[in-house]
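Subject: Handover of the model

Hello,

Here is the model you asked for. Please open it next to this note. The findings follow below.

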Amino acid sequence: MPMTITHLGTGSRGNATLLETPKVKVLVDQGFSGTQLAKRLARLNLEPTDIDCLLISHHHGDHGGGAVVCQNKWELRVLANERTALELGLKPELTTFFSSLDIVHIGDDLAVLPVPVPHDGSDNVAFVASHAGERAAIITDLGSWTDELVAHVRGCEHISIEANYDHNRLVSGPYPYSLKDRITGRGGHLSNDQTGQFLAEVCTESTRSITLTHLSEKNNQPHIAESTVLYYIDEVFNGDLTISLQAGPDFSHYVGKEGHNEETPNVKKPATN
């Protein structure tokens, strides 16, 4: 049975990803309000109480701001490192700490490795999830990468990673110089070019699907992110490349069977006027 990755939405206004195996359902990050989370899960015919636990990558509001809501409304357990838990004010009785590079076992069929990544003002981690001998990486909010991250992500069957901005659009855009410096710094975010360079290091013949996430609505465009990344990985990757935007969910990746990128089969499409 496959491991399923479904982005409920990614961007500066909230991030959450459903990681599902035959035995557990886990949210990686929860940056939405309780109402928004319930609406997005409902499109998958799920309720918040169907979630077994949350994994939080860091304490910034668009990734962890909705975690305590899940504890208060639905008594969901949250797994985070100590600094993230303290910064978010999580309830101790519903919080479990993890340490970087210590494997976290969730249920009988999911193991998750938190890997530290550079990001300002946080103890941010990427997650490498393992199920039935296959691996998927979910990497958010980083301004650079480490040899350690490359080693753990190389050869993953699926990789979700931010491609936050196009360098030229950011430089010529309306943001103040201080914000531009923060975004482009080691503790900021990855540009399309940086994402492509990183993927060129970690993609192998085992890598069958990639999702680009957390695109800036002001400093990027999906077609620019896609074409830039493909320029770097054209010779090392021939799988499915998709893009997750703020409104979701729209598709799922099934890690562990053929035809990994498919439209989410049970998603309820929003009504159109």
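Helices H8 and H9 cross in a right-handed sense. Helices (H or I, at least four residues) and strands (E, at least two) are DSSP runs, numbered from the N terminus.

Two notes on the source. The model is predicted, so local features need pLDDT of at least 70 and side-chain atom pairs count only at pLDDT 80 or more, while totals for chains, interfaces and linings use all residues. Residues are numbered from 1 along each chain as its sequence is written, and side-chain values use heavy atoms, with hydrogens and water left out.

**The helix pair**

H8 covers residues 192–202 and H9 covers residues 222–233. Their axes come within 8 Å and cross at roughly 35°. Axes here are lines fitted to C-alpha atoms, for helices over the stretch in contact, and angles run from 0 to 180 degrees between N-to-C directions.

Which residues in H8 and H9 meet? From H8 come Asn192, Asp193, Thr195, Gly196, Gln197, Leu199 and Ala200. From H9 come Ile224, Ala225, Thr228, Val229, Tyr232 and Ile233. By class, this contact has seven nonpolar, five polar and one charged residues. Contact means heavy atoms within 4.5 Å. For the classes, Ala, Val, Leu, Ile, Met, Phe, Trp, Tyr, Cys and Pro count as nonpolar; Asp, Glu, Lys and Arg are charged; the others, Gly among them, are polar.

Gln197 lies in H8. Not counting residues up to four places away in sequence, Gln197 touches Trp145 and Tyr232. Gln197 is partly exposed, at 34% relative accessible area. The cut-offs are these: buried is under 20% relative accessible area, exposed is over 50%, and partly exposed is in between (1.4 Å probe, protein chains only). Gln197 and Leu18 are 179 residues apart in sequence and 27 Å apart in space, C-alpha to C-alpha.

The buried residues of H8 are Asn192, Gln194, Thr195, Gly196, Phe198, Leu199 and Val202. They pack against S10, helix H5 (147–153), S11, S12 and H9.

**The sheet**

Seven strands form an open sheet, ordered S7-S8-S9-S10-S11-S12-S13, with mixed pairing. Two strands pair if DSSP finds at least two bridges between them. Strands S7 (104–106) and S13 (240–243) stand at the edges. Each has a single partner strand, so one side of each is left without a neighbour in the sheet. The twist averages 20° from one strand to the next.

S8 (residues 110–116) and S9 (residues 125–131) pair in the antiparallel sense over six bridges. Pro114 stands opposite Phe127 in S9. H8 packs on the sheet, where it touches S10 (134–139), S11 (158–162) and S12 (209–213). The direction of H8 makes about 160° with that of S11.

Ser122 sits in the loop between S8 and S9. Is Ser122 buried or exposed? Ser122 counts as buried, at 10% relative accessibility. Ser122 touches His58, His59, His60 and Arg83, not counting residues up to four places away in sequence.

**Cysteines**

A disulfide is taken as a pair of cysteine sulfur atoms within 2.5 Å. By this rule the count comes to zero. Cys156 is buried at 0% relative accessibility. Cys203 is also buried, with a relative accessible area of 8%.

**Backbone points to check**

- The peptide bond from Gly248 to Pro249 is cis, with omega near 0°. Pro249 lies in the loop between S13 and S14 (251–255).
- Asn45 has phi near 60°, a positive value in a residue other than glycine. Asn45 is in the loop between H1 (34–42) and S4 (53–55). At 45% relative accessibility, Asn45 counts as partly exposed.
- Ala132 has a positive phi of about 50°, although it is not a glycine. Ala132 is in the loop between S9 and S10. Ala132 is exposed, at 64% relative accessibility.

Best wishes

Key. Left-handed = near helix turned anticlockwise from the far one by under 90°.
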